[in-house]
Amino acid sequence: MPSEVYILGGAQTDFARNIEREGGGMFELFRDVAEAAFPATQIEPKEVEVAHVGNFVGDLFAGQGHLGGFFGHVHPDLAGIPASRHEAACASGSIAILAAAAEIEAERYGLALVLGIELMRNVPGQKAAEYLGAAAWTGREAQEARYVWPYMFSQVASEYEERFGLDRAHLRAISENNFANAKRNPNSQTRSWTLGPENFSESDDEANPPIEGSLRKSDCGQVTDGAAAIFLASREVAENYAKSRGIPMETIPRIKGWGHSTAPLLYSAKVKASRGEPYIFPSVRKAMADALTRAEMPDIYACDGVEVHDCFSITEYMAIDHFGITPPGESWRAIEDGTIKLGGKLPVNPSGGLIGLGHPVGATGVRMMLDSWRQVTGNAGDYQVEGAKNMASFNVGGSATTSVSFVVGV
């Protein structure tokens with residue numbers, strides 16, 4: 001049996017920040033979250049044995065790669081530790097977590113710092129869309145699109161429409177719910193936004209403009225500058241951590257289950273292969289099911305809440321049925337009956353998700369795990385899921401090419 005991996009907490013930046021306007025860049029964002037994570041957990045830099053960074057396209061947005069070298073500039077005690085960067089599009093942060101967890105399971109190291117980061121608001125929107133398009137097959141798909149990812153996920157909406165039928169009112173309800181949850185989150189990008197019915201309208205092109213295909217502005221996750229950091233530990237390190245702080249060991253969360261799958265890069269290939277299957281993206285379902293199986297949970301309702309990758313409202317719609325919250329094609333049921341709302345049977349994105357909280361691409365997977373830690377330790381503040389003991393997450397890269405799911409619990 002592999003060793004257990006525990007989560008000791010962490011920190012995130014305020015996702016409403018615009019780093020360039022502050023006169024900073026990639027390093028300042030990196031430094032800020034790392035420096036916040038140490039006092040938040042009472043961990044000293046000298047205790048860290050290994051570090052991992054999740055980042056998608058720092059090379060394009062900031063002209064900066066080789067991010068592991070930043071650790072030694074954050075604190076002298078971090079100079080010389082092994083560090084590496086991981087990329088899997090929007091799932092980069094989760095891949096960094098998997099790498100760190102595997103090293104702890106292999107007993108190479110006892111304490112890992114995992115940091116996810118993306119700087120995205122320093123270029124015009126069109127240029128940002130071009131950079132993010134690197135997660136598709138460049139030169140092979142979406143060449144007619146102005147904005148690659150709204151275009152690609154509009155096709156997912158069309159696929160649902162063709163296979164099962166789709167009422168856009170349900171997508172609108174997902175966005176409204178996530179913006180409402182984000183109001184409760186002190187780190188959310190949209191917490192101070194004032195939105196009215198017109199901002200979710202299907203007929204008001206000024207207040208809710210079309211972006212690509214059937215998707216409008218309210219359907220889209222945010223372009224965000226942000227970073228998140230967590231500490232992962234072996235059981236021995238976690239026990240010492242708990243003992244030295246007078247914390248009951250049973251209250252320290254651990255990664256109970258994980259799932260990771262990688263489908264072919266082309267969206268068309270994935271959809272063609274799933275024709276006749278119950279799920280549009282079988283590889284997404286596999287990652288989620290593997291996480292639940294490893295956590296020895298009979299189904300998703302053994303969890304108390306879910307953080308999912310709502311880069312677009314249709315992506316959350318897809319995650320609802322793929323997680324088994326409803327049967328395939330019936331995600332609308334969990335929306336209509338209030339299951340996914342904060343206070344519902346299984347709240348989805350109590351943090352506000354990517355639509356409400358924000359989506360700094362390389363940081364999202366790490367932020368999801370940090371929010372899972374917050375929930376199961378009762379530290380989520382105004383967006384706390386009452387009595388949460390187990391949280392599931394789903395992080396996706398590309399057109400459901402890379403899928404990573406975790407179950408975190410106490």
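This is a predicted model: local features need pLDDT of at least 70, side-chain atom pairs count only at pLDDT 80 or more; totals for chains, interfaces and linings use all residues.
Residues are numbered from 1 along each chain as its sequence is written, and side-chain values use heavy atoms, with hydrogens and water left out.

Helices (H or I, at least four residues) and strands (E, at least two) are DSSP runs, numbered from the N terminus. Two strands pair if DSSP finds at least two bridges between them.

So, back to E4, residues 111–118. Strand E2, residues 50–54, pairs with E4 in the parallel sense over five bridges. E4 is also joined to strand E7 (residues 226–233), this time antiparallel, by eight bridges. Over there, Gly116 has Ala228 as its bridge partner.

Is E4 buried or exposed? Eight of its eight residues are buried, meaning under 20% relative accessible area; exposed is over 50%, and partly exposed is in between (1.4 Å probe, protein chains only). Leu111, Leu113, Leu115 and Ile117 point one way, while Ala112, Val114, Gly116 and Glu118 point the other way.

Next up, helix H8, residues 235–245, whose buried residues are Ala238, Tyr241 and Ala242. Looking down the axis of H8, these fall within an arc of 95° (taken from the directions from the helix axis to the C-beta atoms), so they line one face of the helix. After H8 comes Gly246, with a positive phi near 65°.

Last stop, two single residues. Glu307 sits in strand E9, residues 305–308, and counts as buried because its relative accessibility is 0%. The side chains of Glu307 and Ser351 make a polar contact of 2.8 Å. By that I mean a pair of N or O atoms within 3.5 Å; within protein, one must be able to donate a hydrogen and the other to accept it, and residues adjacent in sequence count only if both atoms are side-chain atoms.

Then there's Gln375 in helix H14, residues 364–376, which counts as buried at 1% relative accessibility. Leaving out residues up to four places away in sequence, Gln375 touches (heavy atoms within 4.5 Å) several residues, including Pro350, Tyr383 and Met391.
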